[in-house]
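Q: I would like to go through this model with you. Could we begin with a single residue and then widen the view?

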Amino acid sequence: MRDWVRSSPGTHIWLLVIGITSLVIASASEGLGQFLVHRTSSNIHQLNEHPLPSLLISGFWIERPASFLLYVVMFELLHANVERWTGTTRWLLSVGGAHIAATLASQELVLLAIEGHRLPRSMTHVVDIGVSYGLAAAAGMLTYRLLPPWRYGYLAGVLVFFGIPLLTGATFTDFGHAIALTMGFAAWPLTPAAAEGLSSEEEEDGRDPAEPAAERPPGRDPDSRQER
């Protein structure tokens, strides 16, 4: 267990912070709890007032502390495996970037709906906290970790899980999940599978990836391979 935690430190530090904030919410009065979730939300109002803090802090709170154990399971299945596989830096860039992009895009949709009179102006103060955007991105990246045929079954399950809400009365959160999942899929170049795929192609070409350009067999165009 110690080795598992050490191999995915970012995941477990994140979980520790969520555990602390969940205890704060659970022990707070109803009024204080509502104040905290609104103050730490990345809604339109908070993004206008405190853009950077609201983007970062909103990812460390969950609205229902009773769901914490479920998030522990999801973090261990998704985040921990992706972090162990890609490394902490690439994992953080991927899920952190997806959290920020999905938050900004989903709140932009809310703003457009308010301006088009399809949503009430009170939605500028909607509660928008949680870790689900990062989980969606990790779910997308984990697709490349699995080998066929398991990859295809997993991919189908992920698409169904996130696609059904999107097609049946989608909320701004459902759109955010779709954006984060897409960014997880797009993070392929950051995964070891991308580098392994390139090495395999080089081996199939019959040359050493570390071979200097001058020593490559004659007649081979050094620029014939596109950069990945």
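Q: Which residues does Asn43 touch, not counting residues up to four places away in sequence?
A: Asn43 touches His38, Gln107, Thr124, His125, Val126 and Asp128, with sequence neighbours up to four places away not counted. Contact here means heavy atoms within 4.5 Å.

Q: Before we go on, what should I know about the source of the coordinates?
A: This is a predicted model, in which local features need pLDDT of at least 70 and side-chain atom pairs count only at pLDDT 80 or more, while totals for chains, interfaces and linings use all residues. Residues are numbered from 1 along each chain as its sequence is written, and side-chain values use heavy atoms, with hydrogens and water left out.

Q: Back to Asn43: where is its place, and is the residue buried or exposed?
A: Asn43 is in the loop between helix H3 (30-39) and helix H4 (44-49). Asn43 counts as buried because its relative accessibility is 1%. Buried means under 20% relative accessible area, exposed over 50%, and partly exposed in between, with a 1.4 Å probe and protein chains only. Helices (H or I, at least four residues) and strands (E, at least two) are DSSP runs, numbered from the N terminus.

Q: What does the side chain of Asn43 reach?
A: The side chain reaches the backbone nitrogen of Gln46 at 2.8 Å and the backbone oxygen of His125 at 3.4 Å.

Q: Now the overall fold. How many helices and strands does the chain have?
A: The chain has 11 helices and zero strands. Buried residues make up 39% of its 228 residues. Among contacts between residues at least 6 apart in sequence, 76% join residues at least 24 apart.

Q: Which residues in the largest nonpolar core touch the most other members?
A: Trp14, Phe75 and Val131 do, in a core of 35 residues. Two or more residues each come from helix H2 (9-27), helix H6 (68-86), helix H7 (88-115), helix H8 (132-142), helix H9 (150-167) and helix H10 (172-186). H8 gives the most, with eight residues. A nonpolar core is a set of buried Ala, Val, Leu, Ile, Met, Phe, Trp, Tyr and Cys residues joined through side-chain atoms within 4.5 Å.

Q: Why is H8 largely enclosed by the rest of the structure?
A: Because 10 of its 11 residues are buried. Tyr133, Gly134 and Met141 are among them. The buried residues of H8 pack against H6, H7, H9 and H10.

Q: What does Val131 touch?
A: Residues up to four places away aside, Val131 touches Trp14, Ile18, Gly59, Trp61, Ile62, Tyr71 and Phe75.

Q: Turning to the surface, which residues form a nonpolar patch?
A: Leu70, Val73, Met74 and Leu77 form one, with about 350 Å² of accessible area together. Leu70 lies in helix H6 and, at 53% relative accessibility, counts as exposed. Like charges are joined within 9 Å, nonpolar side chains (Val, Leu, Ile, Met, Phe, Trp, Tyr) within 5 Å.

Q: Now the backbone. Where is a cis peptide bond?
A: A cis peptide bond joins Pro148 and Pro149, with omega about 5°. Pro149 lies in the loop between H8 and H9. Leu146 is also found in the loop between H8 and H9, and counts as partly exposed at 27% relative accessibility.

Q: What is the phi of His117?
A: Phi of His117 is near 60°, a positive value in a residue other than glycine. Most residues other than glycine have a negative phi, and most peptide bonds are trans. His117 is in the loop between H7 and H8 and is exposed, with a relative accessible area of 73%.

How values were computed: Patch = residues over 30% accessible without salt bridge, like charges linked within 9 Å, V, L, I, M, F, W, Y side chains within 5 Å. Areas by Shrake-Rupley, 256 points an atom, 1.4 Å probe, with all protein chains shown as cover. Salt bridge = Lys/Arg side-chain N within 4 Å of Asp/Glu carboxyl O. Polar contact = N/O pair within 3.5 Å; in protein donor to acceptor, adjacent residues only side chain to side chain.
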